[in-house]
Amino acid sequence: MGDPKSQRPDRRVARRLANRSVIEDAALRLFAEKGYESTTVDEIATAAGVSVRSFHYHFPTKRDVLVGDLSGKAEDLALALAAQPDGQHPLAAIRAALHALGLQQDVHHRERTLLRARILRSEPHLVPFAHELFRGFGRVLSEDVARRSGLDPDRDAYPRLVASVAVAVLGSTMLSLASERCDQAAWEEAIDSALACVLAGLPTPCA
């Protein structure tokens, strides 16, 4: 058996993550029910069963809790992209990486993502924030495209262009599905179809 003392840090981390998750779920639920601006930090803390101080330990502001677990997904995306073989079209690599990430997501994460989309869609003043939300993904995508194409992500336009297209696909698909109760397969299929459409040259959809 391991040393009980050595297990304490892991338990503290697990407890911290669990508290963060409870706060995030409470906040998103209240944002959806009452609206982002009408929801206070006090109300979120009460709904989560924590103190306001505990809320701020995990999330400095309401804005941070709206980002929530998406903040760590850029790193996951970078790892998924790195696992894709060289020689692929950059958008094809992005498509495969997103599919791999989708297989790793649980139902809870997907429901959170869709709930965020509904909140952003119902409150137009949060749209600029939505663009900021995807900025981290754009940087990761641009760097991977630059690596695959041998270009400079800061000097050359192509990596930023491809990354911007992919981010637009993610954002538009997320907002399109915001009003639907779709399952994991439908969620992945919508993103995959949108990227396939871009790779095909954006042909006009059949009526």
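A residue is called buried when its relative accessible area is under 20%, exposed when that area is over 50%, and partly exposed in between, with a 1.4 Å probe and protein chains only. The structure is a predicted model, in which local features need pLDDT of at least 70 and side-chain atom pairs count only at pLDDT 80 or more, while totals for chains, interfaces and linings use all residues. Residues are numbered from 1 along each chain as its sequence is written, and side-chain values use heavy atoms, with hydrogens and water left out.

The protein chain has 207 residues, and buried residues make up 39% of them. Its secondary structure comes to 11 helices and zero strands. Here helices (H or I, at least four residues) and strands (E, at least two) are DSSP runs, numbered from the N terminus. The accessible surface of the chain is about 11,800 Å², and 56% of that surface belongs to carbon and sulfur atoms. These areas come from the Shrake-Rupley method with a 1.4 Å probe, and for residues only the protein chains shown count as cover. Among contacts (heavy atoms within 4.5 Å) with a separation of 6 or more, 69% are between residues 24 or more positions apart.

The interior comes next. A nonpolar core is a set of buried Ala, Val, Leu, Ile, Met, Phe, Trp, Tyr and Cys residues joined through side-chain atoms within 4.5 Å. The largest one has 48 residues, and those with the most contacts inside it are Phe31, Leu66, Leu77, Ile94 and Leu141. Helix α10 gives the most to this core, with seven residues. Leucine 66 is in contact with Leu28, Phe31, Tyr36, Arg116, Ile119, Leu120, Leu126 and Phe129, leaving aside its neighbours within four places in sequence.

Three of those partners, Arg116, Ile119 and Leu120, are buried residues of helix α7. The expected span is 1.5 Å times one less than the number of residues.

Which residue forms a salt bridge with arginine 116? The partner is glutamate 24, and the closest N and O atoms are 2.3 Å apart. The pair links distant parts of the chain, since glutamate 24 is in helix α1 (residues 4-34) and arginine 116 is in helix α7, 92 residues apart. Both residues are buried. A salt bridge here is a side-chain nitrogen of Lys or Arg within 4 Å of a carboxyl oxygen of Asp or Glu. Glu24, Asp25, Arg112 and Arg116 are linked in a network of such bridges, and a search of the whole structure finds 10 salt bridges.

Aspartate 144 has a relative accessible area of 8% and so is buried. Arginine 148, at 17% relative accessibility, also counts as buried. Leaving aside its neighbours within four places in sequence, aspartate 144 is in contact with Leu81 and Ala82. Aspartate 144 and alanine 78 are 7.7 Å apart in space, C-alpha to C-alpha, and 66 residues apart in sequence.

With a relative accessible area of 33%, leucine 151 is partly exposed. Together with Tyr158 and Leu161 it forms a nonpolar patch on the surface, and the three have about 260 Å² of accessible area. Patches are made of residues with over 30% relative accessible area and no salt bridge: like charges are joined within 9 Å, nonpolar side chains (Val, Leu, Ile, Met, Phe, Trp, Tyr) within 5 Å. Arginine 155 is exposed, with a relative accessible area of 64%, and its side chain meets that of aspartate 156 in a salt bridge (3.9 Å, N to O).

Helix α10 has 20 residues and reaches 28 Å from its first C-alpha to its last, close to the 28 Å expected. Its buried residues include Pro159, Val162, Ala163, Leu170, Gly171 and Met174.

Leucine 202 is found in the segment after α11 (184-199). Its phi is near 55 degrees, a positive value in a residue other than glycine. Leucine 202 is exposed, with a relative accessible area of 57%.
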